[in-house]
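These are my notebook entries on one structure. I set down what I looked up and the terms I used.

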Amino acid sequence: MSSSPFDPDDAADTGGMRKGLTSYGDQGFSLFLRKAFIKGAGFTDAALDRPVIGIANTGSAYNPCHGNAPQLIDAARRGVMLAGGLPMEFPTISIHESFAAPTSMYLRNLMSMDTEEMIRAQPMDAVVLIGGCDKTVPAQLMGAASAGLPAIQLITGSMLTGSHRGERVGACTDCRRYWARFRAEEIDAAETAEVNNELVASVGTCSVMGTASTMACLVEAMGMTVPGGASPPAVTADRIRIAEETGAQAVQIARDRLTIDKVLTQAAFENAMRVLLAIGGSTNGIVHLAAIAGRMGLDIDLATLDRMGRETPVLLDLKPSGQHYMEDFHAAGGMATLLRELKPLLRLDALTVTGRTLGEEIERAGPGFAQDVVRSIAKPIYPQGGIAVLRGNLAPGGAIIKQSAADAALMEHEGRAVVFENLEDLARRIDRDDLDVTADDILVLKNIGPKGAPGMPEAGYMPIPRKLARAGVKDIVRISDGRMSGTAFGTIVLHVTPESAVGGPLAHVRSGDRIRLSVANRELSLLVTDEELARRARESPITPPTAERGYHKLFLQSVTQADQGADFDFLRAPKKAGP
């Protein structure tokens, strides 16, 4: 008796359209029904017998960073088909930094859940993840890590730079710079409107080393993209060719069963930390790496990161730590140029989605050429890594500072605290002429951590008080339990852990207290006795925020602190990886 083409066990490989059959109590019927419906879209049996490659579509009218998604999908589909696979596009949540309230970080975990469950629920042998804007790439990698299938990342790419009165400009470091000039009354409203038209010259992600560019570089360093996948701008032919190559490689990892856990190893995360430090990357990169690692049963150790930072210089001359833009980095050879220079510090044995090691890919990239965007280790733009980890009685669980984008004169500083209890308090008082503040003071903002805001908004980049901005002050020490954009700059301490909303020491800082910051000693200390802090805690006990229903309730019940990636506790791997 011949076997039925609808026998789910007919093939030795139960992947493709036989994978994850819907539960009807009859597996043969489940496959029969699935094929009947998909054939309604015009597919033949020959097509349906190929490896199925899912392509996660995060295009959205609300997400200009993903404005090239249709072209990338077309090219990825072409690559899949040329390699003998069957491409199947499907949508997921898409979140943009500037269009998500209260913050895109609040929705990152939801997008990761959407990504994970759609990968699990639908038949696919591998998945192409199309993402670019700040939280989308981390969300996709978190979801894919939990789903466990072969996966490959396709970055949307950076925007082009614009020109304002003869000056090259790009989002979003220059956005912040021009807005600061407007607040200081150095430029008028008309010029502000004029430059607003030039800061984002095309679709794509920020053209500086913000979080999007940082994650693009880290993903390539972790081996999750095809070589050269991080740097091509969104609207270039290079980016489209990368998309086609990604589609073809997705078919290969499906055939090889190169699951994501074979790529996202401890070695991969160590390489990512090295690159994060060397590119002067966004401080958000630490939170995202911690979340992705947590899905794999691994931890990002802040002490290890800081140790690496002392021996890993900043080599990439990009704003906000340097002068160039992502277009220039791509023209300089992209990640291959950086990795070649970092080679002595990398785990070269780490496997990539090509099936080759990182060391092999560096060798395949060739010897490089003369350029001035990536410096040599002998002549870095900053002698230590871009990020330093601080500890002290104000941050028992750690805090971080982007030292490469800070004012050297303020990194050893003691000052008087000027405290804002929350975002509303900051908005109400920061521009008042009677605000009691001087340039030597330290601004402290509470309740913008994972639970406090909620979602850990990028409000750690507090504006210079208007009265100081008018007087020409360009930087002041700022401390919070929140985040700041990777495009931002200044002497800003972030991710103070535990956060104030759960009763961390930051909750009990009062205006007039003295605070000491010493980046050299990695110290962040509130100059108040332990006894006084304990008394304040007793007198003003903290009640963590709650919500009545919905995603808000789930978020507040489940979100972890920054050192664990602000992920949901129930989404982290149930057991640690390794022996």
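**Entry 1: around helix H8**

I began just after H8, where Gly-223 takes a positive phi of about 85 degrees. Helices (H or I, at least four residues) and strands (E, at least two) are DSSP runs, numbered from the N terminus. I noted that this is a predicted model, in which local features need pLDDT of at least 70, side-chain atom pairs count only at pLDDT 80 or more, and totals for chains, interfaces and linings use all residues. Residues are numbered from 1 along each chain as its sequence is written, and side-chain values use heavy atoms, with hydrogens and water left out.

I then looked up the cover of H8 (residues 211-221) and found it mostly covered, with eleven of its eleven residues buried. Buried means under 20% relative accessible area, exposed over 50%, and partly exposed in between (1.4 Å probe, protein chains only). Among the buried residues of H8 are Thr-211, Met-215, Cys-217 and Glu-220.

**Entry 2: backbone angles and cis bonds**

I read first that most residues other than glycine have a negative phi, and most peptide bonds are trans. Glu-185, which is not a glycine, has a positive phi of about 65 degrees. I located Glu-185 in the loop between H6 and helix H7 (189-196). Glu-185 counts as exposed because its relative accessibility is 55%.

His-495 is not a glycine either, and its phi is positive at about 60 degrees. This residue belongs to strand E12 (residues 492-497). His-495 has 5% relative accessibility and therefore counts as buried.

I also looked up cis peptide bonds. One joins Ala-101 and Pro-102, with omega about 0 degrees; Pro-102 is in the loop between E2 and H4. Another joins Ala-171 and Cys-172, again with omega about 0 degrees. Cys-172 sits in the loop between strand E6 (167-169) and helix H6 (173-183).

**Entry 3: helices H4 and H5**

How many degrees is the angle at which H4 and H5 pack? Helix H4 (residues 104-121) and helix H5 (residues 136-147) pack at about 40 degrees, and their axes are 7 Å apart. Axes are lines fitted to C-alpha atoms, for helices over the stretch in contact, and angles run from 0 to 180 degrees between N-to-C directions. H4 and H5 are therefore oblique to each other; angles under 35 degrees count as roughly parallel, over 145 as roughly antiparallel, 65 to 115 as roughly perpendicular and the rest as oblique.

Where the two helices meet, H4 contributes residues including Arg-108, Met-111 and Ile-119, and H5 contributes residues including Pro-138, Met-142 and Ala-147. Contact means heavy atoms within 4.5 Å.

**Entry 4: Glu-89**

I found Glu-89 in strand E2 (residues 86-91). Glu-89 is partly exposed, with a relative accessible area of 40%. Leaving aside neighbours within four places in sequence, Glu-89 is in contact with Ile-55, Asn-57, Ile-73 and Arg-77. Pro-64 is 25 residues from Glu-89 along the chain, and their C-alpha atoms are separated by 20 Å.

**Entry 5: aromatic pairs**

A search of the whole structure gave eleven aromatic pairs. Tyr-551 and Phe-555 form an edge-to-face pair, 6.1 Å centre to centre with 65 degrees between the planes. Rings of Phe, Tyr and Trp (its six-membered ring) pair if their centres lie within 6.5 Å; planes under 30 degrees apart count as stacked, over 60 as edge-to-face and the rest as tilted. Because Tyr-551 and Phe-555 are four residues apart in helix H19 (residues 550-558), they are separated by about one helical turn. Both Tyr-551 and Phe-555 are buried. Finally, I noted that ring pairs link Tyr-106, Tyr-551, Phe-555, Phe-568 and Phe-570 into a cluster.
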